[in-house]
Amino acid sequence: MLACDLHVHTSYSKDGESSVEEILRQAEAEGLDAIAITDHDSVEGAKKALTIPSPVLVIPGIEVSTKQGHLLVLGVTEVIPAGLDVVATVQIAREMHALAILPHPYHVWRHGVARRKNVGMNAVDAVEVFNSRYIVGSANKKAARIAKRLGKPCVGGSDAHNARFIGFGRTYVDAEKNVPAILDAIRAGRVSCGGRKTPLRTYTRQSINNTWRKIKRITRHIQLR
């Protein structure tokens, strides 16, 4: 059984705080077998991670900003265009022989697709039902309940934006230690998941920082008009 963190951000995400090297070293310290590098609309962090020697297997991926919210795509080293309908984005992932996972589907503030388009849950290969960046956890529970009703494999991830929180969300996969085998095992539902919550003070600080970044981008855009 492999211990994997399937939702990790590096400094190649605008809100990522740790380098690729720091991410890998922490994953090693946590005893993980594999991590998926899933930066926002970028595969550069994943591609760099693939060049760094480590006992931790790197699953290259991306967190795509679809029209309705975020979508994790694992097993890719090419950018998938942002802004498309989530079902169309899943189809692109399938054509790339990649795995599509719906992350934090019911979270109010974090681009949860299922709050905007119910069919998103049906379209994907698996659903993230444990995300460590939840204060209360009700959205995790709802995701698990609906995913099980639909017969979707349930996975977990830290959604770490800082290396300190690698492994706070984990997926246990019954597979050989290589990317195709792990992705196939997830599709087949040979998984379980769990973890612990990111500390409230860290989640709050990161949320405030993200809000300020958005305000600054909007302000610059207005000034340039």
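Visitor: What does valine 73 touch, leaving out residues up to four places away in sequence?
Guide: In this predicted model, Val73 contacts Pro60, Gly61, Ile62, Val64, Ile80, Ala93, Ala98 and Leu99.

Visitor: And which residues have the most contacts inside the largest nonpolar core?
Guide: Val73 and Met121 do, in a core of 28 residues.

Visitor: Which elements each supply at least two residues of it?
Guide: The strands are β3 (57-65), β4 (70-74), β5 (99-102) and β6 (126-131), and the helices are α3 (86-95), α4 (119-123) and α5 (138-150).

Visitor: Where does the largest share come from?
Guide: From α5, with 5 residues. There is also a second, separate core of 22 residues, with Ala36, Val173, Ala175 and Val179 among them.

Visitor: Stay on α5. Which of its residues are buried?
Guide: Ala139, Asn140, Ala143, Ala144, Ile146 and Ala147. They pack against α4, β6 and β7 (154-157).

Visitor: What follows α5?
Guide: Glycine 151, with a positive phi near 75 degrees.

Visitor: Switching to α1, which residues are buried there?
Guide: In α1 (residues 20-29) they are Val20, Ile23, Leu24 and Ala27. Down the helix axis they fall within an arc of 95 degrees, so they line one face of α1.

Visitor: Why would that spacing work?
Guide: An α-helix has 3.6 residues a turn, so residues three or four places apart point the same way.

Visitor: What covers the buried residues of α1?
Guide: The cover includes β1 (2-8), β2 (34-37), α2 (44-49) and β3. Just after α1, glycine 31 has a positive phi of about 75 degrees.

Terms used. Residues are numbered from 1 along each chain as its sequence is written. This is a predicted model: local features need pLDDT of at least 70, side-chain atom pairs count only at pLDDT 80 or more; totals for chains, interfaces and linings use all residues. Side-chain values use heavy atoms; hydrogens and water are left out. A nonpolar core is a set of buried Ala, Val, Leu, Ile, Met, Phe, Trp, Tyr and Cys residues joined through side-chain atoms within 4.5 Å. Buried means under 20% relative accessible area, exposed over 50%, partly exposed in between (1.4 Å probe, protein chains only). Helices (H or I, at least four residues) and strands (E, at least two) are DSSP runs, numbered from the N terminus. Contact means heavy atoms within 4.5 Å. The arc is that of the directions from the helix axis to the C-beta atoms.
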